[in-house]
Amino acid sequence: MRRYLQVWTPTILLISPDGSVYHEWSGYLPPDLYAAHLLLGRGKAALKEERFDVARQLFDEVSNLHPLSDVAPEALYWAAVASYKGSGN
């Protein structure tokens with residue numbers, strides 16, 4: 001809890017092998033929203049690892065499978081970022 005400055009549970013962290021945080025969220029999530037956050041986090045991990053095509057696919061999955069979730073707009077934003085970073089256009 002100290003290392004990642006967490007104050008309460010549940011807190012979910014997606015962490016790189018070196019201990020860097022790719023994505024985090026705190027608080028209860030119902031299963032469908034948990035799945036959406038997990039996909040978003042996997043997309044952010046791929047983006048930070050410069051696997052832009054994979055990141056784009058994961059972000060697209062969020063918006064396609066969970067279009068009404070609170071993270072769908074963020075996934076659309078990051079999908080555009082991944083597309084730009086991968087192509088320069």
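This is a predicted model: local features need pLDDT of at least 70, side-chain atom pairs count only at pLDDT 80 or more; totals for chains, interfaces and linings use all residues.
**The start of the chain**

Begin with Thr9 and Pro10, and display the backbone between them: the peptide bond from Thr9 to Pro10 is cis, with omega near 0°. Pro10 belongs to the segment before β1, the strand that covers 11-15.

**Helices α1 and α3**

Next select residues 31-48, which form helix α1, together with residues 72-87, which form helix α3; the two pack at an angle of about 20°, and their axes are 11 Å apart. Because angles under 35 degrees count as roughly parallel, α1 and α3 are described as roughly parallel to each other. Their crossing is left-handed. To see the contact itself, show the side chains of Leu40, Lys44 and Leu47 on α1, and then those of Glu74, Ala75, Trp78, Val81 and Ala82 on α3. Coloured by class, this contact of α1 with α3 has six nonpolar residues and two charged ones, with no polar residue.

**Helices α2 and α3**

As α2 passes α3, the crossing is left-handed. On the α2 side, select Phe52, Ala55, Arg56, Phe59, Asp60, Val62 and Ser63; on the α3 side, the contact includes Ala72, Ala75, Leu76, Trp78, Ala79 and Ala80, as well as Ala82, Ser83, Lys85 and Gly86. By class, the contact of α2 with α3 has eleven nonpolar, three polar and three charged residues.

**The nonpolar core**

Which residues of the largest nonpolar core touch the most other members? Among its 14 residues, these are Leu40, Leu47, Ala55, Phe59 and Val62, and at least two residues of this core come from each of α1, α2 and α3. In soluble globular proteins, nonpolar side chains tend to be buried together. Centre the view on Ala55 and leave aside its neighbours within four places in sequence: the residues in contact with Ala55 are then Gly43, Ala46, Leu47 and Ala82.

**His37 on α1**

Now return to helix α1 and select His37. Is His37 buried or exposed? With a relative accessible area of 9%, His37 is buried, and, not counting residues up to four places away in sequence, His37 touches His23, Trp25, Leu29, Asp70 and Val71.

**Glu50 in the loop**

Go on to the loop between α1 and α2, where Glu50 is found. Its backbone deserves a look, since phi of Glu50 is near 60°, a positive value in a residue other than glycine. Glu50 is exposed, with a relative accessible area of 60%.

**Ser83 on α3**

Finish in helix α3 with Ser83, a residue that is partly exposed, with a relative accessible area of 31%. Once residues up to four places away in sequence are set aside, Ser83 touches Arg56, Gly88 and Asn89.

Terms used
Residues are numbered from 1 along each chain as its sequence is written. Side-chain values use heavy atoms; hydrogens and water are left out. Axes are lines fitted to C-alpha atoms, for helices over the stretch in contact, and angles run from 0 to 180 degrees between N-to-C directions. Helices (H or I, at least four residues) and strands (E, at least two) are DSSP runs, numbered from the N terminus. Angles under 35 degrees count as roughly parallel, over 145 as roughly antiparallel, 65 to 115 as roughly perpendicular and the rest as oblique. A crossing is left-handed if the near helix is turned anticlockwise from the far one by less than a right angle, and right-handed if clockwise. Contact means heavy atoms within 4.5 Å. Ala, Val, Leu, Ile, Met, Phe, Trp, Tyr, Cys and Pro count as nonpolar, Asp, Glu, Lys and Arg as charged, and the others, Gly among them, as polar. A nonpolar core is a set of buried Ala, Val, Leu, Ile, Met, Phe, Trp, Tyr and Cys residues joined through side-chain atoms within 4.5 Å. Buried means under 20% relative accessible area, exposed over 50%, partly exposed in between (1.4 Å probe, protein chains only).
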